[in-house]
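Here is a short tour of one structure, with a look at its charged pairs, one of its helices and its core. Take a moment with the view below before reading on.

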Amino acid sequence: GPEVPIADGSFVPFFELLAGAGLVEQDAPARVLEVTTPISVDGPNGFSYAVVPAPVLRVSSTIEFDHPLIGRQFASFDVNAESFAREIARARTFGFLRDAEALHGRGLALGASLENTVILGDAGVVEGSELRCPDEFVRHKIGDVIGDLALTGRRLRAHVIATRPSHAGNLA
């Protein structure tokens with residue numbers, strides 16, 4: 001379907017709504033997708049994923065962008081409600097000023113602003129678009145992986161290792 005509202009560009013508004021809804025014990029056990037043998041996917045634009053057995057959900061990611069604030073970044077987190085809130089939720093989406101016109105022409109990123117997007121100029125962030133942490137970029141990509149994997153409708157028990165992740169790659 002269509003994109004969800006961008007809100008502040010992070011996962012915080014959605015996380016807070018879900019956390020505020022509370023927990024209700026169900027009559028059935030949680031559905032768990034446990035990876036028992038390694039899986040890998042490679043695709044265009046250099047994305048690759050390896051999914052290997054693990055006792056809990058762990059997401060590791062490497063991103064690389066030709067920009068002085070990003071370059072090559074790596075992060076890895078065991079994922080649960082506490083670690084998501086602490087390490088990932090505040091990371092906002094980001095984009096490059098040089099791509100804005102082309103994106104708008106395709107009907108994309110229409111809601112992007114300095115209030116909800118880290119906007120990168122050639123040398124740094126556009127004024128008013130300060131980073132929340134130096135590796136906010138890779139943290140947001142990890143949040144995207146987690147969100148897209150939630151579409152399986154199962155709790156995932158695996159270590160997902162993503163290189164150059166994207167929504168298309170996450171779905172693959």
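## Salt bridges

R72 and E64 form a salt bridge, with their closest N and O atoms 2.9 Å apart. R72 is exposed, at a relative accessible area of 59%, while E64 counts as partly exposed at 36%. Do keep in mind that this is a predicted model. A search of the whole structure finds nine salt bridges.

R139 and E87 make another such pair, at 2.8 Å from N to O. Because R139 lies in helix α4 and E87 in helix α2, this pair ties together parts 52 residues apart in sequence. Salt bridges with shared partners join R86, E87, D135 and R139 into one network.

## Helix α2

Helix α2 spans residues 81-88, and S83, F84 and I88 in it are buried. These residues lie on the same side of α2, because they cover an arc of only 100 degrees around the axis. The cover over them includes α1, β5 and α4. On the face turned away from the buried side, α2 carries the exposed residues E82 and R86.

At the start of α2, a side-chain oxygen of N80 comes to within 3.0 Å of the backbone nitrogen of E82.

## The nonpolar core

The largest nonpolar core has 30 residues, of which V59 and V160 touch the most other members. Helix α4 gives the most to this core, with six residues. Beyond its neighbours within four places in sequence, V160 has contacts that include Y49, V51, V59, V145 and L149.

Notes:
Residues numbered from 1 in each chain as written. Predicted model: local features only at pLDDT ≥ 70, side-chain atom pairs only at ≥ 80, totals over all residues. Heavy atoms only, no water. Buried < 20%, exposed > 50% of the residue type's maximum accessible area, 1.4 Å probe, protein only. Helix = DSSP H or I, 4+ residues; strand = E, 2+ residues; numbered from the N terminus. Arc of directions from axis to C-beta. Contact = heavy atoms within 4.5 Å. Polar contact = N/O pair within 3.5 Å; in protein donor to acceptor, adjacent residues only side chain to side chain. Core = buried A, V, L, I, M, F, W, Y, C linked by side-chain atoms within 4.5 Å. Salt bridge = Lys/Arg side-chain N within 4 Å of Asp/Glu carboxyl O.
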